Amino acid sequence: MTAMSSSGRGPRRLAALTCVALAAGTLVASGVTGLEPGTAEASSHREAPLISGQPQYDNTDVYAFVSPDKPDTTTLVANVLPFQEPAGGPNFFKFADDAQYDIHIDSDGDAQGDLIYRWTFKDHVKNGNTFLFNTGAVTSLDDPDLNITQTYDIDLLRLKNQHVKHSTKIADDLPVAPSNVGKASMPDYQALRDQAVKHLPGGSMAFAGQADDPFFLDLRVFDLLYGGNLSEVGNDTLKGYSVNSIALQVPTAYIQESEEQPIVGIWSTTQRKSASGHWTQVSRLGMPLVNEVVIPVKDKDKFNASAPWNDGDFLNFVTKPELPKLIEGIYKIKAPAEPRNDLVSVFLTGVDKLNKPPHVRPAEMLRLNTSIQPSAEPKRLGVLDGDNAGFPNGRRLTDDVLDIALQVVEGELLGQKNDLGDAVNENDQKFGKAFPYVALPTAGSRGPLAKEGGTKDAQGNLLSGGASSAASNSDATSTTLIASAVAAGAGVLLVALGLNWWRMRRRNPYS
């Protein structure tokens with residue numbers, strides 16, 4: 001047993017008393033209730049092991065539809081960087097400046113891209129000596145108070161046999177709509193969004209910036225299909241979260257092979273520049289939910305790096321899907337017989353007499369028949385509900401693709417009628433009626449701003465230490481403040497007693 005020096009016990013006991021006193025004061029002064037940060041659950045957007053750790057490069061969704069207000073044009077939307085928490089500063093959400101964001105067009109059904117629209121981004125910082133994203137209220141995209149901005153170029157690449165034959169820059173140094181920091185920073189975010197919508201030569205329009213995530217669904221599907229007893233449905237898991245959107249509206253004649261062959265295939269990819277300067281494809285997305293619930297874990301990264309030309313490698317996962325077997329095992333709904341050629345038509349070739357091009361090579365992508373006019377009253381279940389302008393003929397923002405996919409997987413096209421769904425039937429935010437159609441992102445502000453001359457709101461504020469100023473909470477606030485003062489006084493008294501005891505011990509170490 002080792003002896004302890006008496007000269008060391010005093011300081012150690014003093015330190016312990018001091019810590020106890022300060023801890024006691026801090027715990028009481030902090031109030032009765034604590035605050036817990038919100039947490040994001042696993043998302044179908046994070047569909048593969050590698051890309052889940054690289055959100056700036058992660059394609060979340062692709063949309064392609066004949067523009068409802070300009071039916072001689074087609075609108076393309078690709079989203080990246082999922083689950084953006086509105087107040088997630090000070091480093092808000094930018095496109096990667098070492099990436100190529102591409103939307104591919106296959107005009108003849110041979111599983112090869114004929115056109116690529118490519119976005120590249122540049123960062124700009126006005127003042128590197130501040131931590132702020134903006135140094136004051138921002139009223140325009142060129143406002144000097146908007147400290148961190150991005151611009152982008154769009155290049156149109158024409159290909160033959162998967163090789164680039166010609167490249168044309170169709171947009172140069174266009175501004176990106178910034179993240180919606182909050183009402184104090186961006187009092188009129190709609191005006192900033194409007195300034196980021198740009199007209200291009202030839203009748204095209206472009207937009208890049210933050211938007212509300214348009215995908216609406218309950219992602220508890222991954223908790224063994226909604227809790228194992230359908231008890232966990234009806235919650236839009238993506239409500240309140242934002243994404244970064246790139247959107248392009250082009251005359252339909254630009255992308256279709258001809259009026260006689262109006263069906264186009266569309267998918268998106270992201271390439272990232274390696275340390276050696278080479279570009280590597282790290283994400284790919286066409287039809288929704290394919291890499292999430294069709295491709296198995298061992299092949300998810302391979303799929304993200306692959307091209308539609310090679311989709312024969314994954315055919316077995318479509319004709320013998322896992323999901324119906326899981327539903328049968330949990331809910332005893334009999335899985336349709338295999339092979340599932342009905343799923344091949346939906347996900348790989350297009351549907352006969354709807355969106356299947358002649359001489360098609362099976363490949364996973366959105367397929368859009370651009371000759372079908374927009375619906376005056378779109379139906380959320382698209383083709384299943386008789387609305388041929390909707391999914392799986394392209395994809396509109398309002399299409400309920402999860403319900404459609406569940407019903408198709410369970411044999412709707414084979415005569416096995418069902419009404420499966422997640423009870424989330426529409427987006428939490430209303431979509432726009434004109435390009436870029438995506439809804440505004442949620443602001444970082446949590447409520448109304450303080451009135452001029454006032455410093456309090458119903459949620460509490462910095463000057464009151466977060467204490468609520470609501471009349472109904474006045475007694476609780478007073479009690480908390482009194483308790484805080486008492487605790488602080490007790491802490492000071494304990495420290496003083498500890499110091500006095502220590503001094504006495506030093507004068508008489510043998511007492």
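Planes under 30 degrees apart count as stacked, over 60 as edge-to-face and the rest as tilted. Phe92 and Phe133 are edge-to-face because their ring centres lie 5.2 Å apart and their planes stand at 65 degrees. The pair links distant parts of the chain, 41 residues apart. Phe92 is in the loop between β2 and β3, and Phe133 is in the loop between β4 and β5. Both Phe92 and Phe133 are buried (under 20% relative accessible area; exposed is over 50%, partly exposed in between; 1.4 Å probe, protein chains only).

The model is predicted: local features need pLDDT of at least 70, side-chain atom pairs count only at pLDDT 80 or more, and totals for chains, interfaces and linings use all residues. Residues are numbered from 1 along each chain as its sequence is written, and side-chain values use heavy atoms, with hydrogens and water left out. Helices (H or I, at least four residues) and strands (E, at least two) are DSSP runs, numbered from the N terminus.

Phe303 and Phe314 are both buried. Their rings form an edge-to-face pair, at 5.3 Å centre to centre and 75 degrees between the planes. Phe303 belongs to helix α5 (residues 297–305). Phe314 lies in the loop between α5 and α6 (315–319), 11 residues away. Arg284 lies over the face of Phe303, 4.3 Å from the ring centre. Here a charge sits over a ring if NZ of Lys or CZ of Arg is within 6 Å of the ring centre and within 35 degrees of the ring normal. The charged end of Arg395 sits over the ring of Phe215, at 4.9 Å from its centre.

One aromatic cluster is formed by Phe95, Tyr101, Phe121 and Tyr152. Beyond four places away in sequence, Tyr152 touches residues including Trp119, Phe121, Leu174 and Phe207 (contact: heavy atoms within 4.5 Å).

Strands β3 and β4 pair in the antiparallel sense over 5 bridges (pairing requires at least two DSSP bridges). Tyr101 has Trp119 in β4 as its bridge partner. β4 also pairs with β5 (residues 148–160), antiparallel over 11 bridges. Val125 stands opposite Ile148 in β5.

Salt bridges number 19 (a side-chain nitrogen of Lys or Arg within 4 Å of a carboxyl oxygen of Asp or Glu). Arg118 and Asp102 form one at 2.8 Å, N to O. Arg118 lies in β4 (residues 115–125) and Asp102 in β3, so this bridge ties together parts 16 residues apart in sequence. Both Arg118 and Asp102 are buried. Arg272 and Asp98 meet at 3.7 Å, N to O. Arg272 lies in strand β10 (residues 263–273) and Asp98 in the loop between β2 (73–84) and β3 (99–106), so the pair ties together parts 174 residues apart in sequence. Arg272 is partly exposed at 30% relative accessible area, as is Asp98 at 24%. Asp299 and Lys298 form a further bridge, with their closest N and O atoms 2.8 Å apart. Asp299 is buried at 10%, whereas Lys298 is exposed at 67%. Asp153, Asp155 and Lys169 are linked in a network of salt bridges.

Definitions and conventions
Rings of Phe, Tyr and Trp (its six-membered ring) pair if their centres lie within 6.5 Å; planes under 30 degrees apart count as stacked, over 60 as edge-to-face and the rest as tilted.
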